[in-house]
Structure formats: structure tokens, C-alpha cells
Amino acid sequence: MSTVKKTAKAAGLVMAITLISKITGFLREVVIGSKFGTTKYVDAYNMAQNIPMVLFAAIAASIGTTVIPLFSEYLTKKGKDKAFDFINNLLNALILLTVIFASVGIVMAPILVKIMAPGFKGDVYHATLKLTMILMPVMVFVLVSNIITGVLQSLDHFSVPAMIGIPYNIIIIGVALLYGAKYGIYGVAVATVAGSVIQVIMQLPVLYKFGFRYRFVLDLKDEGVKRVIILAMPVLIGTSIQVINTYVDRMIASYLPSGSIAALNYANRLIGFDIFSMAIAIVIYPMLSKHFAANNVDEFKKGIKIAVKAILYIMIPVTVGAIIFRYPIIRILFERGAFNERSTYLTSIAFMFLSLGMTANGLRNVLSRGFYSLKDTKTPMVNGAIAVLVNIGLNLIIVRYLGLGGLALSTSIAATLTSLMLMYSLKKKIGAIGGYEILASFLKAVIGSAIMGGFAYLTFNLVMRHLPDTKIYEAVSLGAAIFAGFVVYLAIIMLSDNSMLGYVRKGAKMLKGKLAGD
């Protein structure tokens, strides 16, 4: 099987599983919204989750990113036994580190909450304090899960790492439905910890199938651990900056009307429903690394160009659709129980402005992996730091005029700036990557999306006129509008870009071969 076909197959598998995971994630948010709405207790839960994330998420993300090239190098040069010895040592060293941090975090929880949620007083402060102490151990398991995920992806196994979010979501949903009335948001917090443990347990059998056996070995002077630290430091700093950015958003939101943090969280969940760029970023990383290792710069550029064009053609119409249909989307997905009209209104504001950055987020995911495959972890860090400073500055200015919408808009502007800087930096590093062709694709996608949006909007209103005004029929109308808009947009793009028509034909040919049993 060719590299392109193998990558496409892996990306398709990841997208399919991620779609299921995202659906269960939405159901989780729907259930939490139904049970608790946009109350101060949901604000407390979301803030309590962010506190250990600020402390540990940067470490987990950076280690997960650097495990892939280093484990692959051990595997190639020293064999599987030495590679797994490296992983055992890395696991033990980092578990020890995060357990210490988690313990300190629990002891210092009162100070952390006051620093990170200065606007919280009274009941909401005490709820956040208790929830923070419950949730602090989560990042220990997240770290272990990220390392195992990196190892499995290095071994070309993508399915189980992609599906670990499904049981995590199901556990939280089950506890919220069955015990929400009895234990409140605290039961959800305990379920969150249990779900993070399950994410580790799910991956272990697959890792053992590949020959891994856990051994307690701890050598902090090991060359492999040192290399992980050196390679991970720029990623760690960059991720930390992004986490700090999230914290600043939440901190400012704590001064806004009650429910603002919850609304921002629900909107972010909707924005996170980007299975395409996520799957491409996961699968393209090893492919680009192989092209660079083989000194095949032309194929490297081609891979980047195709990925960028695909994201533009998919995410721009998604952005337009999200903005136009933000109210029915939020009503259909969330508005029930304690999630009322005010909750829908607050979430729609955040969702509209966050949607403006969806395409940029997709581009950033792919372009960052491009730099990592070049073993350049500093450039994404520097560009990300600049964008975060811009975001914080814009937050302080725009929030005065747009409130919650200002926070979301600042995030989108910062994401757009990051993607543009990454594109420029990549061009300087490897030369032209088809900028004019990418720009042409961008313009075609914008024009096609504008036409699609108008047609879909008219379709939605036309269908709604002939159906009862209920959520079920609103969902039917929305589905009809999306389908009609998709057909119109696809026709426009196929007529205006021959290269995309070629990709569709190749995909159809591959699908036909699959159905025929090839």
C-alpha cells in the first residue's frame, strides 16, 4: 500500500472514530447542560478543570508530541526492547514528577483558586476549591495516556488512541444522569477522574500486544530522558502559553455576568467538533517526517499544500454555516432542562465569534506538525507566544465593548495571526509552497461558501414555513438546509478547481474498489 493511500486510510479511520467520540462528547455537554444549565456550579466545574490543566496539560502535550520521533528512532536503531526500556524509564520519571505536582496542587488549592478565579466569591469559590482538589489527579493519568498514545501512533496504530474519549464521555454522562440529583456537580468531577483512568487502561492491552512489559526502572540521567526534555521544552513553553491564554480568558470571564464561563465552554465544545483537521494533523505528522528524513522536499511541500487546501475548502463553509445557523444548532443540541433561552443566547454569542477562527485553528494544527516533522519546535512556540500576547491585549480592549463576544473574537483573531505567521515562517524555511494556488483556493472557498450560505438560509426558512415550530422539525429543516448547501458548494468547487475534482474521482475509484472487494 502506497504512503498516500495508507495515510488516507488512517486519516479516514481516525475521522470516523473521532466523530463518534465527538458525538459522545456533545451528549456529555448536553446532559451536563440539561442537569446544571449555565449556573455558577458549572462555572466552578469548568474553572476547576482548567486549574490542573494550567499546571500539567502543557507537560502532557509536549511529551506526547516528542515521544513519536524519539521512540521511532530507538525502534529503528536499537530495537524494540531498548525502545520499550526508554518508555518505561520515561513513564516512571514523569509519573513521579506529576504525582508530586498534583500533591502540591491539592495542598495549595485555596491559593490557586484565588489566583486563577479572582472574581469568584462565596459559594462559587468554595465549590471551585472542592472541585479542584477532586480533579487535580486527572493530569497524572492524562500524561500517562499521552505517552502511550504517542507510542501506539509510532507503531502505526491509530484506532484505540482515537476512541479513548468515548468511554470517558459515557462514564460522565452515566453519572450525571443517574446520580446528578444526588451528588450534583461533584459526582461529575469524580466521574471525570474515573474516565481519565479508563483512558489509560484501554490502551494498555494494545501496548502489551506489541510487546511492551512494564518494569520499574528510574534513571533520570538517561540520555533518552534528557533528549525528551530538550526537544519538548519549546513545545512545553508554547503549550503553556496557550494554556495561560485560556486561563486569561476564563479569568476575565469570571468578572462577566454569571454563566459566561459555562457559555464559553459550551461554545468551545462546538468549535472542537473539527474531526477533519484533527485527523489530518495526527496522520500527516509521521508522513511529513518520513519525507523530510528522505530529503524529499518536493513531496513534503506537496503534502503541506494539499492539507492546507483541503482545510480551506472544508472549514470555510463550516464557518459560514456555523455563524448563520448558530441559534438552531445550539437550541437543538443543548436547550433543554436547565439550559434555557438565556443559556442559548450566551452560548450563541461566544460560538459566533469563535467560529471565525475555526479555519485558522485547522491550519495551525497542520502547519505546527509540519515544523515538528522538520525537528523545529521553536518556531511554533515563538509565533504562538506573539499571538497570545495579541490575544490578551485584544481581550482587555474588546471585552469592554462586546463582553463575552469580545473574548471569543480576540481568540479568533489570535488564531488567524498564528496561522499566517506559521505559513510565512514555513515559506522562509523550505521555500515556496504554492502560495498563489493556496490563495486562489481560499478565494474560491469564500465565494462558494457565501453562495452556499445564502442558499442554505433560504432553504431553512422555506422548509420551516411548512413545518410545525418544534425542535424535531427545526432539526429536519436544518438537515435539509445543510444538505442543499453542501450540494451547491460542492458543485461550485468542483467546477472551479480541477485538482479537487481529481481528488474526488480518485476517492470514488478507491471506494468502488473497496466495495468490489479489492
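Predicted model: local features only at pLDDT ≥ 70, side-chain atom pairs only at ≥ 80, totals over all residues.
Glu474 is buried, at 7% relative accessibility. What does Glu474 pair with? Its partner is Arg331, and the two form a salt bridge. The closest N and O atoms of Arg331 and Glu474 are 2.7 Å apart. Arg331 sits in helix 13, residues 326–334. Glu474 sits in helix 19, residues 471–496. Arg331 has a relative accessible area of 26%, so Arg331 counts as partly exposed.

Side chains of opposite charge can pair when their charged atoms come close.

How many salt bridges does a search of the whole structure find? The search finds five. One of them joins the side chains of Glu437 and Lys309. Here the N to O distance is 2.9 Å. This pair also reaches across the chain, linking parts that are distant, 128 residues apart. Glu437 belongs to helix 18, residues 435–465. Lys309 belongs to helix 12, residues 297–324. Is Lys309 buried or exposed? Lys309 has 3% relative accessibility, which means that it counts as buried. Glu437 has 34%, so Glu437 counts as partly exposed.

Now turn to Asp376 and Lys429. Their side chains meet in a salt bridge, with 3.4 Å from N to O. Where do the two residues lie? Asp376 is in the loop between helix 15 (358–373) and helix 16 (378–402), while Lys429 is in helix 17. The pair therefore ties together parts that are 53 residues apart in sequence. Asp376 counts as buried because its relative accessibility is 10%. Lys429 counts as partly exposed because its value is 45%. Salt bridges can also share partners, and here such bridges join Lys305, Lys309 and Glu437 into one network.

Next come the helices and how they pack. Two packed helices are described by the angle between their axes and the distance between the axes. Start with helix 10, residues 260–271, and helix 14, residues 341–355. They pack at an angle of about 45 degrees. Their axes are 8 Å apart. The two helices are therefore oblique to each other. Their crossing is right-handed. Which residues make the contact? From helix 10 come Ala263, Leu264, Tyr266, Ala267, Asn268, Leu270 and Ile271. From helix 14 come Leu346, Thr347, Ala350, Phe351, Leu354 and Ser355. Sorted by kind, the residues of this contact are 10 nonpolar, three polar and no charged.

Helix 14 packs against helix 17 as well. Helix 17 covers residues 404–430. The angle between helix 14 and helix 17 is about 20 degrees, and their axes are 7 Å apart. Are these helices roughly parallel or oblique to each other? An angle under 35 degrees counts as roughly parallel, so helix 14 and helix 17 are roughly parallel to each other. Helix 14 passes helix 17 in a right-handed crossing. Helix 14 brings Leu346, Ile349, Ala350, Phe353 and Leu354 to the contact. Helix 17 brings Leu404, Gly405, Ala408, Leu409, Thr411 and Ser412. This contact divides into eight nonpolar residues, three polar and no charged. Leu346, Ala350 and Leu354 of helix 14 take part in the contact with helix 10 and in the contact with helix 17.

Stay with helix 14 for one more residue, Met352. Met352 has 22% relative accessibility, so Met352 counts as partly exposed. What does Met352 touch, leaving aside its neighbours within four places in sequence? Met352 is in contact with Ile323 and Arg326. Met352 and Arg326 are 26 residues apart in sequence. In space, their C-alpha atoms are 6.7 Å apart.

End the tour at Val124, in helix 5, residues 122–135. Its relative accessible area is 12%, so Val124 is buried. Leaving aside neighbours within four places in sequence, Val124 is in contact with Lys40 and Ala44. Gly105 gives another reference point. Val124 and Gly105 are 19 residues apart in sequence. From C-alpha to C-alpha, Val124 and Gly105 are 19 Å apart in space.

Technical notes:
Residues numbered from 1 in each chain as written. Heavy atoms only, no water. Axes fitted to C-alpha atoms, helices over the stretch in contact; angles between N-to-C directions. Helix = DSSP H or I, 4+ residues; strand = E, 2+ residues; numbered from the N terminus. Parallel < 35°, antiparallel > 145°, perpendicular 65-115°, else oblique. Left-handed = near helix turned anticlockwise from the far one by under 90°. Contact = heavy atoms within 4.5 Å. Nonpolar A, V, L, I, M, F, W, Y, C, P; charged D, E, K, R; others polar. Salt bridge = Lys/Arg side-chain N within 4 Å of Asp/Glu carboxyl O. Buried < 20%, exposed > 50% of the residue type's maximum accessible area, 1.4 Å probe, protein only.
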